[in-house]
Amino acid sequence: MSNRGRNKRTKGIDRAAQSGPATPRKGAGRVAELGEKARELEVANTLLKRETRHLTLELRVGRDAVTSSAGLFDQSPAALMVHDAAGELLALNPAARKLFGLEAASPGFAFPQLIAKESLGLWLNHFRKSLESLAVERLELTLRPREGREIPVEIISRSAPDRPGDERRVFSSVADLTHQRERALALASAQPLHEDRINRIQGMVWEVDVQNRQVTFVSRHTERLLGYSVEAWKNPEFWTNHIYAEDRDATLRRITEAVEQRKPITLEYRVVTAGRRVLWLCNKITPFEREGRLMLCGIAIEITERHHREAELREMRKELERRVAERTAELGRSVAELETFSYSISHDLRAPIRAMLGFATLAAQSCPGRVPSEILGFLERIAAGARRADQLIQDVLTYSRISREEVRLEPIDPERLVRELISQLPDLQPPLAEVEVRGPMPKVWAHEARLGQCLSNLLLNAAKFVAPGQTPKIEVGAEPIHDKVRIYVRDQGIGIAPANLTRIFRMFERVNPAGQYPGTGIGLAIVSRGAERLGGRAGVESQPGQGSRFWLELNPAS
Amino acid sequence: MMNKPILLVEDEEADVIFMRYAMEWAKVPNPLVIARDGREAVDFIEARGEHQHRLGPALVLLDLKLPFIPGLEVLKHIRQHPETSRVPVIVFSSSNQDQDVEAAYSLGADAYVVKPAYNELLEVVRRVKLYWLDRPHPPPDCADWDAVRVPPPGQS
């Protein structure tokens, strides 16, 4: 309740009552008169009090919504006060009393009592402006409700008449700014600590307003690293101008892209320091929005040394590639030489051998019946030597060709191939040999000519290595072994001692005397190498005197 | 046709001798003209110099590895010269390399034979006489001849 306002009004009425006409009387009559007068006054007072309350309520809340507004005025957590045009305080709500540190009844209180002398002018000015205009006026002041206590407040005032034509009154709310000030103060004191931390980072932390290219923050490390003062960056063009000319366009283009896509990027580019040195930076840039403004922030670290090392590495890699290319070319030349060599061996080396063989044959035939048998024997040895030399050359050439030539694998039916080979090899025809082909055989990945070469070498070996006078019995078949196919050639020949089982696949290795079983010792090396080139391998199981079982293990083609 | 010569282009003396003996053995009636290098062979084909008045050959037996002008080059000349463009040419080479066989056939050789040992040469020459001299052309499919030649690539 605004006691103060009521008191004042009551006082005013008292004053009016006192200043009314009074007739002096004497004695009991006067006492009765006075008693009556007092009763009248009391009635009037009661009426006035009622009216005062009524007016006060109206005053507080305006013309409408009498009771609820009165409650609002009293219950409002905001401090509210009402002055009349003369600056007389008309009403004060409990929140205001509390804020001003007033007792429930504080006769004679006036708001300016709380204001420091030097600020009084501000308040009077504010009050006058509020009265004169219809606008809302604001003022920040410091109140001193008692010694040693200061309350920063914001006063918001507006004037309005109680009723049309009435005198204007000034309605004010007084907001305590103490907490707000403390928070601002705390914030202000936190800022330097924050910046201090960022400034200690060994990286350039920065922030740019995209719209005006204004640098809104750079950390101190920038100064240390690039030599420009932090202030220099405030110039909007500065940060783009310090990018190394060659890198500028690409860097800015990529930043623009990042801004458009709102995606962070990492850029590496060069900058020019105040000392005209060129440094490499790695800048991690993040676009973001703050209060509707597009911003970029980032952290840049120096990577000059890393870049130099990378350049060195690139140089080394180039050198390495150059060397590899050189070696490859050398190797290519070697292969070409080898091919030329093979070619000339097949031509030039074989020509004289063919001549030896031819003339030995011619000589033996030249004078039929008149050449001594001893001479015929010599001629036969010349011819045999020539034949062997020729075979050796051919086998070496075959072996080197198998090692060298690229083969393209395709599915091959081994059974068909075996049957074709047998029909073409005279030594495998009956009665010279008995060959049994056990079909069908699964298709394998192979190369027709290479597989044919391997198989015919195995078949001819099987026919060759039998005890003298025996007819070779050969069995050819195929069987799956794990995920491979084994094509085998089984004979009932002389067999191989365990110690020799691996030797026989090596070049020029022979385990039987040449006189007994002629050959160059290359045939099985060709088989082994050939199988490898087909993606498989070759092997043998054997017992001396009980025959051998040679096999080729290849990949199935189904 | 009987008196038309057979041109043997061969620089290896031993092979010339073997061919002479083999022809004698096979009773080939045609005279044998020897060109010992590519240049001489081309002169003969194009009837130049001492070969001005030569008779066109009935058959050419051509080695590939020759001095001055390689055999394949000689083969081109044979096919380009109107008088010899249709003469049967049998390449006799010590090479059995695919690229040689392929090149010879693609330049118009009628057959390719890898130079055999003397004994086999007799058989080859016998068949040359039979299929390339006694008849106008070899039968398209003749196992007897196929046994001694290297087939063109793609045929087996």
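**View 1. An open sheet of five strands in chain B, with parallel pairing, has the order 2-1-3-4-5.** Strands here are DSSP runs of E with at least two residues, helices are runs of H or I with at least four, and both are numbered from the N terminus; two strands pair if DSSP finds at least two bridges between them. Because strand 2 (32-35) and strand 5 (111-114) of chain B stand at the edges, with a single partner strand each, one side of each has no neighbour in the sheet. From one strand to the next, the twist averages 20 degrees, where axes are lines fitted to C-alpha atoms (for helices over the stretch in contact) and angles between N-to-C directions run from 0 to 180 degrees. This is a predicted model, in which local features need pLDDT of at least 70, side-chain atom pairs count only at pLDDT 80 or more, and totals for chains, interfaces and linings use all residues. Residues are numbered from 1 along each chain as its sequence is written, chains are lettered from A and ligands numbered from 1 in the order in which they are written, and side-chain values use heavy atoms, leaving out hydrogens and water.

**View 2. Four bridges join strand 4 (residues 89-93) and strand 5 of chain B in the parallel sense.** Look for B:F92, which stands opposite B:V113 in strand 5 of chain B. Helix 3 (residues 71-80) of chain B packs on the sheet and touches strand 3 (59-62) and strand 4 of chain B, contact being heavy atoms within 4.5 Å. The direction of helix 3 makes about 165 degrees with that of strand 3 of chain B.

**View 3. In chain A, strand 1 (residues 79-84) and strand 2 (residues 89-92) pair in the antiparallel sense over three bridges.** Here A:M81 has A:L92 of strand 2 as its bridge partner. The hairpin has four residues between the strands, and A:G87 takes a positive phi near 90 degrees.

**View 4. The largest cavity has a volume of about 180 Å³.** A cavity is a set of points, on a 1 Å grid over the protein atoms alone, where a 1.4 Å probe fits but cannot get out, and lining residues have an atom within 4 Å of a point. Grid points are joined across faces, edges and corners, and the volume is the space filled by probe spheres set on the points. Of the 16 lining residues, A:W206, A:W233, A:H242, A:Y269 and A:N283 are the closest to the centre of the largest cavity.

Note on methods:
1 Å grid on protein atoms, 1.4 Å probe; cavity = no way out; pocket = protein on both sides within 12 Å on 5 of 7 lines; lining within 4 Å.
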